[in-house]
Amino acid sequence: MTPAEAKELKSFMKGLKHRNPHQSEFHQAVAEVAESVMPWYLQHEGMRRAQVLERITEPDRIVSFRVTWETDSGEIRANRAWRVQFSNALGPYKGGLRFHPTVNESVLKFLGFEQIFKNSLTGLPMGGAKGGSNFNPKGKSEREMMRFCHSLMTELHRHIGEDVDVPAGDIGVGSREISFLFGQYLRLENRWGGVLTGKGLAFGGSAVRTEATGWGCVYFCAEMLGHRDESLEGKRVAVSGSGNVALYGAQKLMEKGAKVLTLSDSGGFLHFPDGLGPEQWKAIRELKEERHGRLAEFGEGGEFHEDKRPWAVPCDIAMPCATQNELDLDDARQLVENGTKIVCEGANMPVTHDAAHFLRERDVLHAPGKASNAGGVSVSGLEQSQNAMRLSWEPDEVDRRLRRIMAEIHARCAADGERPDGGIDYVKGSNLAGFRKVAEALRAYGAV
Ligand code: NDP
């Protein structure tokens with residue numbers, strides 16, 4: 001970056017922080033995109049005159065509301081929920097709902113902002129949004145989950161619709177919660193529409209949606225390796241998380257002949273020195289998805305390391321699939337020391353800003369989530385298409401489309417992120433390719 005570009009970036013970020021105080025996650029997500037696109041932005045006077053960067057970093061609207069619900073013992077509880085409708089420049093708002101105690105406006109703005117460019121990269125007509133609540137699903141009974149979801153939808157239904165805003169799942173929101181939300185939407189609206197994605201197969205869901213983010217991440221990683229004439233066969237992979245993304249990522253890695261060394265949850269990580277086996281995978285899926293249990297309870301092999309993250313385990317590829325900022329500078333140093341060549345993000349912004357800089361300096365290929373985890377929203381987009389056409393595609397058909405979309409996203413990143421030495425800067429490539437399309441739309445729309 002030239003000194004003039006760095007000066008513009010500094011002044012832009014100063015203004016953004018002033019307008020959005022105490023929102024560190026949002027600042028981090030914007031800084032990463034702004035750094036990548038600033039040189040291009042400054043070369044396009046029309047974009048600057050149209051204030052595209054300033055407009056793109058201001059959400060279209062944020063809806064904030066109270067969710068009141070009743071516990072099994074009859075006590076009344078109230079949580080806060082939001083829907084951040086960030087940009088519908090490229091299509092109806094689209095992005096998941098997260099239930100986790102760490103959810104606040106900053107976290108949802110960062111996620112909604114990232115979602116704009118992720119959705120742009122897929123090539124499908126989808127805008128960017130995110131929502132959720134600071135509600136903690138841990139320890140809640142099924143009936144409590146139902147009451148909470150029904151109450152949340154009682155407000156949210158006014159703000160969504162299949163041509164307006166189409167939420168999906170995220171941390172703490174799986175197929176059970178989507179079903180509760182969808183049921184309440186049908187009751188309130190008295191009309192069927194594909195207003196949520198990640199629905200059950202019996203009522204409008206798409207084949208492969210459950211697997212899509214994890215599988216898509218592995219397809220993207222295979223593209224990165226393919227560009228270097230390598231494959232996943234025999235590669236040692238450290239995976240974090242044991243939720244939707246991590247589980248199906250691990251499944252596809254095993255299928256491709258890679259060795260999955262770790263899985264984790266908020267209590268620590270499980271280490272499988274000889275690689276996770278298919279039977280162990282099934283048992284962990286059952287433990288996490290069906291019994292909502294803890295990895296510490298897993299009794300079928302693997303060494304459990306309490307309160308530790310998996311990044312000290314020597315690996316060729318690191319695949320962070322749990323949550324934001326779960327891989328920091330010390331972890332990145334450790335990975336480089338251990339010879340890791342690729343960091344491929346399954347989660348959204350799992351790598352801290354300084355760790356991302358360090359990885360780039362040390363020539364570690366780093367695929368940001370907006371490119372590598374876009375498989376989930378892509379199949380959500382395909383679910384919307386199937387709902388609109390009132391038909392459902394076979395699993396093979398959806399998987400074929402998913403693979404093609406991930407290959408196309410890789411090609412877009414490669415085209416915009418090509419380095420003089422022939423390598424690919426995936427962070428720059430994904431940000432620039434995603435941003436340019438939205439910027440062009442905003443400029444074309446005039447002063448909106
Ligand atoms: P899940 O709720 O299914 O799983 C989340 C996993 O991450 C769990 O193992 C959880 O552990 C762990 N985790 C969550 N928060 C923390 C934390 N603060 N510290 C340590 N571990 C933590 O979520 P998903 O798999 O759906 O989502 C994971 C990531 O992927 C998120 O960043 C999400 O935004 C992103 N993503 C998800 C998509 C999807 O389709 N689901 C699509 C694109 C991105 P525990 O069980 O102990 O809570």
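How many disulfides does a search of the whole structure find? The search finds zero, a disulfide being a pair of cysteine sulfur atoms within 2.5 Å.

The model is predicted: local features need pLDDT of at least 70, side-chain atom pairs count only at pLDDT 80 or more, and totals for chains, interfaces and linings use all residues. Residues are numbered from 1 along each chain as its sequence is written, and side-chain values use heavy atoms, with hydrogens and water left out.

Select Cys 344 and Cys 217. The sulfur of Cys 344 has its closest cysteine sulfur in Cys 217, at 3.9 Å, which is too far for a bond. Cys 321 also has its closest cysteine sulfur in Cys 217, and 5.3 Å is again too far for a bond.

Now display the side chains of Thr 213, Ser 266 and Lys 288. A polar side-chain atom of Thr 213 lies 2.7 Å from an oxygen atom of the ligand. For an N or O atom in the side chain of Ser 266, the distance to a ligand oxygen atom is 2.4 Å; for Lys 288, the corresponding distance is 3.0 Å. Of the 890 Å² of accessible area that the ligand has on its own, the protein covers 83% (Shrake-Rupley method, 1.4 Å probe).

Conventions:
A polar contact is a pair of N or O atoms within 3.5 Å; within protein, one must be able to donate a hydrogen and the other to accept it, and residues adjacent in sequence count only if both atoms are side-chain atoms.
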